[in-house]
Amino acid sequence: MQVAIIGYGAIAAYVGRALESEGAQLSMILARAGREDAAASVFGDVPVATGIGDARPDVVVDCAGHGGLSAHGLAILGNGLPLVTLSLGALADADLHARLTQAAREGGGVLHLCSGAIGGLDALRAAAIGGLDSVTYVGRKPPQGWVGSPAEKVLDLGALDGRAAVHFDGSARDAARLYPKNANVAAAVALAGIGFDATAVTLIADPEATANIHEIHAKGAFGELSFRIEGQALEGNPRSSALAAMSAVRAVLDRRDVMRF
Ligand SMILES: NC(=O)C1=CN([C@@H]2O[C@H](COP(=O)(O)OP(=O)(O)OC[C@H]3O[C@@H](n4cnc5c(N)ncnc54)[C@H](O)[C@@H]3O)[C@@H](O)[C@H]2O)C=CC1
Ligand SMILES: O=C([O-])CC(=O)C(=O)O
């Protein structure tokens with residue numbers, strides 16, 4: 001299997017290593033113009049490019065956040081290629097969502113939405129068929145997991161005095177837009193359940209937390225669901241959970257299986 005990867009950060013490095021150890025071949029790394037050397041320093045002699053051009057890998061994996069999906073998604077899907085993404089929050093932008101959908105329909109590509117750092121989305125998606133009354137997502141991370149996010153505008157993350165503090169309460173659409181590096185899970189819950197505007201999100205910085213804790217609570221015709229995961233941070237980035245990288249690897253490997261979840 002030939003795999004192209006967008007990005008060369010903590011998740012991209014994990015995904016690349018794991019896929020190579022499963023026998024996949026990295027055929028291309030997509031980086032921003034001017035950052036080719038930085039990408040090459042992570043991936044050695046894998047060719048680095050700034051656009052997909054006419055390359056035909058079996059699958060492309062977006063590990064570069066919202067900017068990666070918005071920069072490369074249209075061309076990749078428009079070229080009829082499958083694209084696995086972790087940047088689900090970018091779809092809170094209704095215009096980008098519509099343009100990616102159109103490019104995939106016209107070009108024959110498919111955008112695979114990774115479950116990322118959270119789980120339980122299979123049950124939530126099934127429950128949506130019968131009708132959901134409410135869906136809530138609560139994200140709780142240690143203070144360093146929120147560095148570089150709008151949490152810094154309302155909290156002093158270095159001086160929380162042992163107390164957990166809420167820094168966002170609102171819709172999944174606002175969470176996804178405001179926290180592009182932290183609220184892709186909120187977007188995943190929204191897309192699996194009742195959408196970006198109806199999904200309620202609370203984000204918490206918790207000095208007592210030793211993991212990235214994600215919870216879903218949902219009610220509907222199916223009954224009631226509660227899901228909670230304590231995910232360890234990925235080596236190299238305290239904002240990202242290791243499971244997010246693992247889920248992208250899973251999504252790529254699933255493509256070669258004849259029996260699929
Ligand atoms: N769905 C989920 O559960 C999760 C999603 N994520 C998303 O994955 C992203 C990456 O996470 P990490 O690897 O931990 O972050 P990171 O900061 O270590 O790496 C991000 C990489 O993307 C590159 N990049 C940015 N814009 C780009 C573009 N237009 N084209 C090519 N490369 C570009 C950066 O240079 C950097 O190498 C996060 O920003 C977040 O949006 C992260 C964790 C969980
Ligand atoms: O990795 C996590 O714990 C969640 C995250 O950053 C995101 O959803 O963007």
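This is a predicted model: local features need pLDDT of at least 70, side-chain atom pairs count only at pLDDT 80 or more; totals for chains, interfaces and linings use all residues.
Visitor: Which residues is His72 in contact with, leaving aside its neighbours within four places in sequence?
Guide: Contact means heavy atoms within 4.5 Å. With its neighbours within four places in sequence left aside, the residues in contact with His72 are Ile6, Leu30, Thr50 and Gly51.

Visitor: At roughly what angle do the axes of α3 and helix α4 (residues 94-107) cross?
Guide: Two packed helices are described by the angle between their axes and the distance between the axes. Axes here are lines fitted to C-alpha atoms, for helices over the stretch in contact, and angles run from 0 to 180 degrees between N-to-C directions. Angles under 35 degrees count as roughly parallel, over 145 as roughly antiparallel, 65 to 115 as roughly perpendicular and the rest as oblique, so α3 and α4 are roughly parallel to each other. Their axes come within 7 Å and cross at roughly 20°.

Visitor: How do the residues of the contact of α3 with α4 divide into nonpolar, polar and charged?
Guide: The contact is made by residues including Leu69, Gly73 and Leu77 of α3 and Leu96, Arg99 and Ala103 of α4. Ala, Val, Leu, Ile, Met, Phe, Trp, Tyr, Cys and Pro count as nonpolar, Asp, Glu, Lys and Arg as charged, and the others, Gly among them, as polar. The residues of this contact divide into 7 nonpolar, 4 polar and 1 charged.

Visitor: Which strands stand at the edges of the open sheet of 6 strands?
Guide: Two strands pair if DSSP finds at least two bridges between them, and in this sheet, ordered β3-β2-β1-β4-β5-β6, the pairing is parallel. The edge strands each have a single partner strand, so one side of each is left without a neighbour in the sheet; they are β3 (48-49) and β6 (110-113).

Visitor: In β2, which residue is the bridge partner of Val3?
Guide: Strand β1 (residues 2-6) and strand β2 (residues 25-30) pair in the parallel sense over 5 bridges. The bridge partner of Val3 in β2 is Leu26.

Visitor: Which strands stand at the edges of the open sheet of 5 strands?
Guide: This sheet has the order β8-β9-β7-β10-β11, with mixed pairing. Each edge strand has a single partner strand, so one side of each lacks a neighbour in the sheet; these strands are β8 (165-171) and β11 (223-231).

Visitor: How many of the 9 residues of helix α8 (residues 184-192) are buried?
Guide: The buried residues of α8 include Asn184, Val185 and Ala192. Helix α8 is largely enclosed by the rest of the structure, because the number of its 9 residues that are buried is 8.

Visitor: Where does the UniProt annotation "active site" fall?
Guide: UniProt positions are given in the numbering used here, feature names are shortened, and annotations may be inferred rather than shown by experiment. The place of the annotated residue, His214, is in strand β10, and His214 is buried, with a relative accessible area of 2%. Not counting residues up to four places away in sequence, His214 touches residues that include Tyr137, Val185, Phe227 and Ser241. According to the unreviewed entry, the annotation covers His214.

Visitor: In β13, which residue is the bridge partner of Ala233?
Guide: Strand β12 (residues 233-234) and strand β13 (residues 237-241) pair in the antiparallel sense over 2 bridges. They form a hairpin with 2 residues between them, and Gly236 in the turn has a positive phi of about 100°. The bridge partner of Ala233 in β13 is Ser241.

Visitor: How far apart in space are Gln144 and Pro238?
Guide: Gln144 has its place in the loop between β7 and α6 (151-154) and is partly exposed, with a relative accessible area of 47%. Gln144 and Pro238 are 94 residues apart in sequence, whereas in space their distance, C-alpha to C-alpha, is 6.6 Å.

Conventions: Residues are numbered from 1 along each chain as its sequence is written. Chains are lettered from A and ligands numbered from 1 in the order in which they are written. Side-chain values use heavy atoms; hydrogens and water are left out. Buried means under 20% relative accessible area, exposed over 50%, partly exposed in between (1.4 Å probe, protein chains only). Helices (H or I, at least four residues) and strands (E, at least two) are DSSP runs, numbered from the N terminus.
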